[in-house]
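Have the sequence and the model open side by side for this one. We'll walk through a few helices and the side chains that link them.

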Amino acid sequence: MGALRLLAWLFIAAWLGCGSALAERRVALVIGNSAYKSVPRLANPANDATLVGGMFKKAGFDWIDIKADLNATEMRKALRDFGGRTRDADVAVIYYAGHGIELDGTNYLIPTDATLETDSDVLDETVALDRALFAVEPAKQLRLVILDACRDNPFAKSMKRTVAARAIGRGLAKVEPTSPNTMIAFAAKAGSTASDGGSRNSPFAAAIVERLPTPGLDLRKAFGFVRDDVLKNTGYKQEPYVYGSLGGEDVSLVPTKSAATSQQPTQDAVRRDYELARQVGTREVWTAFLTQYPDGFYASLARGQLDRVAAEETRVKAAERARLAEQEKARLAADRARQAEQDKATAAAKVAEDARIAAENSKQIVEAKAAAAEQRRKEAEAAAEKAAANPDDQKAVDRQRPANSQQNVAALTPATSQPARSPEDINKLVQLGLRRVGCFTGPAEGEWSSSSQQSVLRFNKSAGTKFDDKLASLDLLEAIKARQGRICPQLCEHGFTAVDDRCVRLTCHGTEVLNEKGQCVSRTRDDGTAARKKEGTLAARPEPTTSKPTEGRSPGGNRCVSISQRCALEIGGRCDQASGKWEYGRNGAGGSTESFNACLGRLMAGRK
């Protein structure tokens with residue numbers, strides 16, 4: 001079974017993976033370096049990274065990694081990890097805010113731990129822009145690098161030249177990407193510097209967040225609007241610039257709603273995947289399902305199933321902790337440990353047991369909600385199938401329904417909402433079920449008392465089950481429903497005994513009285529206390545507990561009731577016409593109390 005379950009999980013994962021391949025996968029890496037160690041701190045890059053990263057999240061990117069204040073090792077690792085992410089991506093974007101430098105026509109991004117005492121240190125302490133381009137290159141449709149790194153570079157002023165002719169430019173150098181569908185956006189045109197502005201974010205970052213997430217807007221046009229906004233906000237001192245080229249079709253960072261809708265799977269596909277996930281029912285499968293279908297009717301059902309899995313995991317952990325605590329308590333008692341240690345173990349066991357019961361109750365609530373949701377799903381699917389099979393009938397129903405109450409059956413929206421059962425309702429249903437199978441005699445009021453717990457123990461004993469008697473559960477309710485009739489022996493009040501499905505009053509003869517254990521005993525002449533105990537009890541007049549004793553005659557004309565006549569005659573007893581009772585073992589009558597009870601037991605067993 002474990003191998004089949006694993007194969008099913010792999011099949012579903014592959015199926016969901018195929019579905020996700022139909023949608024555009026977008027990933028982004030955002031880096032903001034503000035806290036430089038060798039030069040004054042930059043105010044905006046960390047804020048800009050947070051702002052731009054939030055834009056990618058709102059735009060629905062599948063994976064976003066936001067990093068702040070990275071040293072050289074951390075920057076290289078972030079780019080290496082991001083390169084692995086871009087292999088199965090359609091759109092890959094890197095945004096970098098911080099210091100950058102141009103050396104001999106090559107652009108470098110400066111980590112926070114760089115010192116750059118000489119121009120040769122640039123090769124060792126910085127990260128080349130080509131490394132970022134290499135990270136986005138595996139993306140299939142769009143490769144975009146956005147650089148807000150054209151600030152006036154404080155390293156260049158103090159840096160020593162090892163070669164007098166070596167050029168250290170102002171801002172960044174012009175770059176021409178070699179890979180198709182690649183764009184590199186500078187905050188300022190090559191050879192010029194960018195401004196941080198006087199607000200929390202740079203003018204370039206603010207314009208990007210405003211323009212790029214417009215659904216369906218081509219990137220070339222979007223960066224044109226960014227250029228116009230930055231020029232206007234900087235008094236025409238800073239002009240962003242874009243290098244690279246795209247094809248003839250529009251390429252947008254965020255697809256239009258119509259395009260996104262066209263990529264949505266059909267309800268039949270979602271329903272099919274939901275059924276497959278439900279067959280496996282593991283946390284991994286439900287998580288994969290929600291990754292593929294994060295919204296909609298079936299997504300709500302999947303979240304309920306995921307809550308159910310979590311509740312079961314919590315219950316199992318709580319049960320294991322309770323078991324271990326009980327074992328520790330028993331071990332200390334067996335070893336005759338100090339009383340303080342035993343008291344501590346007892347308290348710990350009590351806390352663990354309370355946590356286990358709480359986890360059980362929580363699981364019941366979650367299961368009840370999930371079961372109610374599944375019932376609504378089945379009703380909605382049945383309604384959808386019926387509407388599809390009889391479209392004319394559905395149209396007639398829709399015409400009769402008011403306009404404000406129209407329902408889209410195909411969308412599987414349930415017509416009515418059935419509230420989940422509360423623990424009190426579950427308790428009451430279990431009590432009613434236990435009463436039906438003869439294991440419970442108290443009132444079904446929904447309170448799980450000691451009598452209810454005893455009734456579960458009686459059910460377990462009669463049905464061969466091992467349900468927890470501390471609480472009522474849906475599993476117990478289902479087990480009770482599977483029983484067609486009485487399975488627990490008849491319970492009778494004091495002074496009565498069970499005969500078939502009735503309670504018969506016990507009657508003692510002569511000077512004998514009925515004690516608290518339902519036995520006939522002789523009373524002494526002086527104080528009336530019990531002096532002799534009979535092993536059996538006398539059943540003389542059968543009578544239900546809710547009615548008075550019956551004074552009928554036997555077929556032979558005797559006043560004694562007929563249910564005992566067969567046994568009385570068999571052992572040689574006789575009927576006392578005056579009292580209406582059978583006599584045996586005295587006054588000339590044969591037999592004994594023990595023989596009478598043995599006969600009566602055989603008679604009752606034969607009737608069952």
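## Before you start

Keep in mind that this is a predicted model.

## Helix H15 and its buried face

Start with helix H15, which runs over residues 423-436. Its 14 residues reach 20 Å from the first C-alpha to the last, close to the 20 Å expected at 1.5 Å a residue. The buried residues of H15 are Ile426, Asn427, Val430, Gln431, Gly433 and Leu434. Look down the axis of H15 and these buried residues fall within an arc of 165 degrees, so they line one face of the helix.

What do the buried residues of H15 pack against? Their partners are three helices: H13 (339-389), H16 (450-463) and H17 (474-481). After H15 comes glycine 438, with a positive phi near 80 degrees.

## A buried serine on H16

Serine 452 sits in helix H16, one of the helices that the buried residues of H15 pack against. Is serine 452 buried or exposed? With a relative accessible area of 0%, serine 452 is buried.

The side chain of serine 452 makes a polar contact of 3.0 Å with the side chain of glutamine 431, and Gln431 is itself among the buried residues of H15. Leaving out residues up to four places away in sequence, serine 452 touches Gln431, Phe440 and Glu447.

## Helix H2

Now move to helix H2, residues 45-58. The buried residues here are Pro45, Ala46, Asn47, Asp48, Ala49, Val52, Gly53, Met55 and Phe56.

The cover over the buried residues of H2 includes strands S1, S2 (63-68), S3 and S7 (142-148), along with helix H7 (203-211). Just after H2, glycine 60 takes a positive phi of about 85 degrees.

## Salt bridges

How many salt bridges does the structure hold? There are 26. One of them joins the side chains of aspartate 88 and arginine 25, at 3.7 Å from N to O. This pair links distant parts of the chain, 63 residues apart: aspartate 88 lies in the loop between helix H3 (72-85) and strand S3 (91-97), and arginine 25 in the loop between helix H1 (2-21) and strand S1 (26-32). Aspartate 88 counts as partly exposed at 44% relative accessibility, and arginine 25 counts as partly exposed at 25%.

Glutamate 313 and arginine 283 form another salt bridge, with their closest N and O atoms 2.8 Å apart. Here too the pair links distant parts of the chain: glutamate 313 is in helix H12 (residues 297-334) and arginine 283 in helix H11 (residues 283-292), 30 residues apart. Glutamate 313 is partly exposed at 34% relative accessible area, and arginine 283 is partly exposed at 33%. Within helix H13, lysine 350 and aspartate 354 are four residues apart, so about one helical turn separates them. Their salt bridge has its closest N and O atoms 2.8 Å apart, and aspartate 354 is partly exposed at 36% relative accessibility. There is also a network of salt bridges linking Glu312, Arg315, Glu353, Arg356, Glu360, Lys363, Glu367 and Asp468.

## Aromatic pairs

The count of aromatic pairs comes to eleven. In one of them, tyrosine 241 and tyrosine 243 are tilted, 5.0 Å centre to centre with 45 degrees between the planes. Tyrosine 241 is partly exposed at 32% relative accessibility, whereas tyrosine 243 is buried at 4%.

Tyrosine 274 and tryptophan 286 also form a tilted pair, 5.3 Å centre to centre with 50 degrees between the planes. That pair links distant parts of the chain, twelve residues apart, with tyrosine 274 in helix H10 (residues 267-280) and tryptophan 286 in helix H11. Both tyrosine 274 and tryptophan 286 are buried. They belong to one aromatic cluster made up of Tyr274, Trp286, Phe289, Tyr293, Phe297 and Tyr298.

How values were computed. Residues numbered from 1 in each chain as written. Predicted model: local features only at pLDDT ≥ 70, side-chain atom pairs only at ≥ 80, totals over all residues. Heavy atoms only, no water. Helix = DSSP H or I, 4+ residues; strand = E, 2+ residues; numbered from the N terminus. Expected span 1.5 Å × (residues − 1). Buried < 20%, exposed > 50% of the residue type's maximum accessible area, 1.4 Å probe, protein only. Arc of directions from axis to C-beta. Contact = heavy atoms within 4.5 Å. Salt bridge = Lys/Arg side-chain N within 4 Å of Asp/Glu carboxyl O. Polar contact = N/O pair within 3.5 Å; in protein donor to acceptor, adjacent residues only side chain to side chain. Phe/Tyr/Trp six-rings, centres within 6.5 Å; stacked < 30°, edge-to-face > 60°.
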